[in-house]
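Please read the numbered points with the model at hand.

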Amino acid sequence: AFNIGVSIKTITKVGIAKILAIIIVFVVLAIIVGIIVGIFGNDGFLGVIGGIINGICSVYLTFFYNRAIGLAYSDA
């Protein structure tokens, strides 16, 4: 079910640098969201706001990452 040879050929066709750049941008955005949620991570009302921000941002980050990887593979 998992063919490593085909995966390596596809990754080299897309470009290792492009995939690494997408991953780095995603990680930086996830760290920024984590810092913002950490600021609002106190107990009480601010904790609720932090949870809402985390929920909304995590969905958009997931869409961003999957779309970026999909577009990178479709360009190859």
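How many residues does α3 have, and how far does α3 reach from its first C-alpha to its last?

1. α3 has 31 residues and reaches 45 Å from its first C-alpha to its last, close to the 45 Å expected at 1.5 Å a residue. The expected span of a helix is 1.5 Å times one less than its number of residues. Helices (H or I, at least four residues) are DSSP runs, numbered from the N terminus.

2. On the basis of the values: this is a predicted model, in which local features need pLDDT of at least 70 and side-chain atom pairs count only at pLDDT 80 or more, while totals for chains, interfaces and linings use all residues. Residues are numbered from 1 along each chain as its sequence is written, and side-chain values use heavy atoms, with hydrogens and water left out.

3. On the span of α2: this helix has 24 residues and reaches 35 Å between its first and last C-alpha, close to the expected 34 Å at 1.5 Å a residue.

4. On α1 and α2: helix α1 (residues 4-14) packs with helix α2 (residues 16-39) at an angle of about 85°, and their axes are 5 Å apart. Axes here are lines fitted to C-alpha atoms, for helices over the stretch in contact, and angles run from 0 to 180 degrees between N-to-C directions. That angle makes α1 roughly perpendicular to α2 (65 to 115 degrees counts as roughly perpendicular). Ile11, Thr12 and Val14 of α1 make the contact with Ile16, Lys18 and Ile19 of α2, where contact means heavy atoms within 4.5 Å. By class, this contact has four nonpolar, one polar and one charged residues. Ala, Val, Leu, Ile, Met, Phe, Trp, Tyr, Cys and Pro count as nonpolar, Asp, Glu, Lys and Arg as charged, and the others, Gly among them, as polar.

5. On α2 and α3: these helices pack at an angle of about 175°, with axes 10 Å apart. They are therefore roughly antiparallel to each other (angles over 145 degrees count as such). Residues in the contact include Ile22, Phe26 and Val33 of α2 and Leu61, Tyr65 and Ile69 of α3. By class, the contact of α2 with α3 has 19 nonpolar, two polar and two charged residues.

6. On burial: the buried residues of α2 are Ile19, Ile22, Val33 and Val37, and what covers them includes α1 and α3. In α3, Gly50, Leu61, Ala68, Ile69 and Ala72 are buried, and these pack against α1 and α2. Buried means under 20% relative accessible area, exposed over 50%, and partly exposed in between (1.4 Å probe, protein chains only).

7. On aromatic pairing: a search of the whole structure finds one aromatic pair. The rings of Phe26 and Tyr65 have centres 4.8 Å apart and planes at 45°, so the pair is tilted. Rings of Phe, Tyr and Trp (its six-membered ring) pair if their centres lie within 6.5 Å; planes under 30 degrees apart count as stacked, over 60 as edge-to-face and the rest as tilted. Phe26 lies in helix α2 and Tyr65 in helix α3 (residues 45-75), so the pair ties together parts that are 39 residues apart in sequence. Phe26 counts as partly exposed at 23% relative accessibility, and Tyr65 counts as partly exposed at 26%.

8. Gly55 is partly exposed, with a relative accessible area of 36%; Gly55 and Phe26 are 16 Å apart in space, C-alpha to C-alpha.

How values were computed: Helix = DSSP H or I, 4+ residues; strand = E, 2+ residues; numbered from the N terminus. Parallel < 35°, antiparallel > 145°, perpendicular 65-115°, else oblique.
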